[in-house]
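Trainee: I have a structure to read and would like to know where to begin. Can we take the features one at a time?

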Amino acid sequence: MILPYALGVFLGCLTLAFALNLWRLFTAPTLADRILVLDTMTVNAIALVVLYGIWAGTGLYLEVAVLFALTSFVGTVAYCRYLLRGNIIE
Amino acid sequence: MRRLFPHPYLSLTLVVLWFLLVNQWKLGSLVMAVILATVIPLLTSAWWPDRPRVKRPFGLAAYGLLVLWDIIVANFQVARIVLFFPRDRIRSAWIPIPLDLTSPEAISLLAGTITMTPGTLTADLSADGRALLVHALHAPDPAAVRDEIKSRYEARLQRIFE
Amino acid sequence: MTAFDTVLDLVLSALLVGGGIFALVGSYGLIRLPRPMQRLHAPTKATTIGVGAALAVSALDRLGQGQVSLQELLITLFLLLTAPVSALFLAKSLILRGEADPDLPPSPTGAPWSTLATPPQDP
């Protein structure tokens with residue numbers, strides 16, 4: 001069974017991706033870049049949660065992933081709306 | 001019946017979505033799904049004055065499969081550009097695309113498709129809603145990209161919606 | 001352990017490694033690409049496929065144990081639907097703030113691009 005090793009590789013890639021994201025978050029030249037980085041980080045976090053679900057062998061973590069996907073999208077759109085309009089709820 | 005379910009497709013989608021969310025088959029979930037499928041379209045019907053006209057629903061399914069395949073291909077192309085192209089050789093370009101589509105659903109579907117597929121990204125819509133502004137990551141020949149989008153995606157959507 | 005299990009194991013592992021590399025490429029593109037509009041391209045596509053691979057592995061893994069799980073499908077659909085919308089919003093804010101690539105072409109219909117058409121106003 002090589003699946004556990006593949007899980008390890010995926011975890012390594014994600015960790016590296018998070019490190020790169022954090023670096024970009026602090027050095028981002030524009031505000032939109034920061035929002036983009038945050039969006040990417042949440043998507044990576046969803047992958048991390050799903051990965052942990054596979055490793056633990058339960059489907060419970062998928063609920064967390066669903067909620068994360070829903071809220072991260074709303075967050076990104078709200079940030080962009082603030083940049084576009086100066087307010088979020090009209 | 002028409003008054004209770006102003007958008008039958010939306011109601012059906014809501015039932016399916018609720019079951020996907022609950023992830024198990026129980027009678028209670030079905031009751032909840034039906035309640036949601038009735039209430040949500042009624043509450044939001046003010047923002048949906050007319051229902052979207054889909055002439056060929058099966059064409060839509062085929063289109064979905066085509067786009068899914070293109071998304072996978074797109075990823076290899078973008079990954080290749082990100083990893084191996086020298087920075088100063090990436091030729092990014094703005095591509096304005098005049099639209100033949102008129103229905104808002106078809107245009108938003110086209111915009112989403114453009115964003116998910118090879119190296120292109122929808123950036124804006126013109127104020128009269130008849131042209132899309134597309135940004136291409138690497139397009140040495142912008143006219144070819146425009147023609148491909150128009151023939152590969154827009155023509156198909158036009159057959160499905162109009 | 002049957003031959004089917006071995007094949008499934010190999011397929012899942014290959015999917016996971018491929019997806020992980022794509023997720024990494026998406027984040028690396030954020031750092032490597034020089035201009036803001038170019039940076040929008042990498043995460044919307046590559047990261048989505050990374051998560052998609054993880055979700056596919058999760059669904060197939062459960063299927064291999066005899067359980068049917070459809071929540072993965074829901075998450076994949078949701079990510080596929082929302083990624084273009086967030087990208088569009090980000091592109092619009094870049095255009096509005098003048099941080100997108102210069103030499104924005106005029107619209108072919110004569111009407112201006114909608115982001116620049118109406119100046120942001122107080123409600």
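**Reading the features**

Mentor: Note that this model is predicted. One place to begin is the end of a helix. Helix 1 of chain B is followed by Asn23(B), whose phi is positive, near 70 degrees.

Trainee: Which pattern does chain B follow along the sequence?

Mentor: Chain B has five helices and three strands. Read along the sequence, they follow the pattern α-α-α-β-α-β-β-α.

Trainee: Which domains does the assignment give for chain B?

Mentor: The assignment gives domain 1 (8-47) and domain 2 (57-161). Taken over C-alpha atoms, the centres of these two domains of chain B are separated by 32 Å.

Trainee: How many residues of chain A are in contact with chain C?

Mentor: The size of an interface is often given as the accessible area lost when the parts come together. Here we can count residues instead: 46 residues of chain A are in contact with 48 residues of chain C. On the side of chain A that touches chain C, helix 1 (3-27), helix 2 (31-56) and helix 3 (60-85) of chain A each supply at least two residues. Helix 2 of chain A gives the most, with 15 residues. The residues on this side of chain A divide into 32 nonpolar, nine polar and five charged.

Trainee: Is Gly19(C) buried or exposed?

Mentor: Gly19(C) counts as buried because it has 28 C-beta neighbours inside 10 Å, and the cut-off for buried is 20 or more. Gly19(C) lies in helix 1 (residues 3-32) of chain C.

Trainee: Which residues does Gly19(C) touch, not counting residues up to four places away in sequence?

Mentor: Gly19(C) touches Ile49(C), Gly50(C), Ala53(C) and Ala54(C), as well as Phe10(A). The C-alpha atoms of Gly19(C) and Gly52(C) are separated by 7.5 Å, though these residues are 33 residues apart along the chain.

Technical notes
Residues are numbered from 1 along each chain as its sequence is written. Chains are lettered from A and ligands numbered from 1 in the order in which they are written. This is a predicted model: local features need pLDDT of at least 70, side-chain atom pairs count only at pLDDT 80 or more; totals for chains, interfaces and linings use all residues. Domain bounds come from an automatic or database domain assignment. Helices (H or I, at least four residues) and strands (E, at least two) are DSSP runs, numbered from the N terminus. Two residues are in contact if their C-beta atoms, placed from the backbone, lie within 7 Å. Ala, Val, Leu, Ile, Met, Phe, Trp, Tyr, Cys and Pro count as nonpolar, Asp, Glu, Lys and Arg as charged, and the others, Gly among them, as polar. A residue is buried if 20 or more other C-beta atoms lie within 10 Å of its own, exposed if 12 or fewer, and partly exposed in between; C-beta atoms are placed from the backbone.
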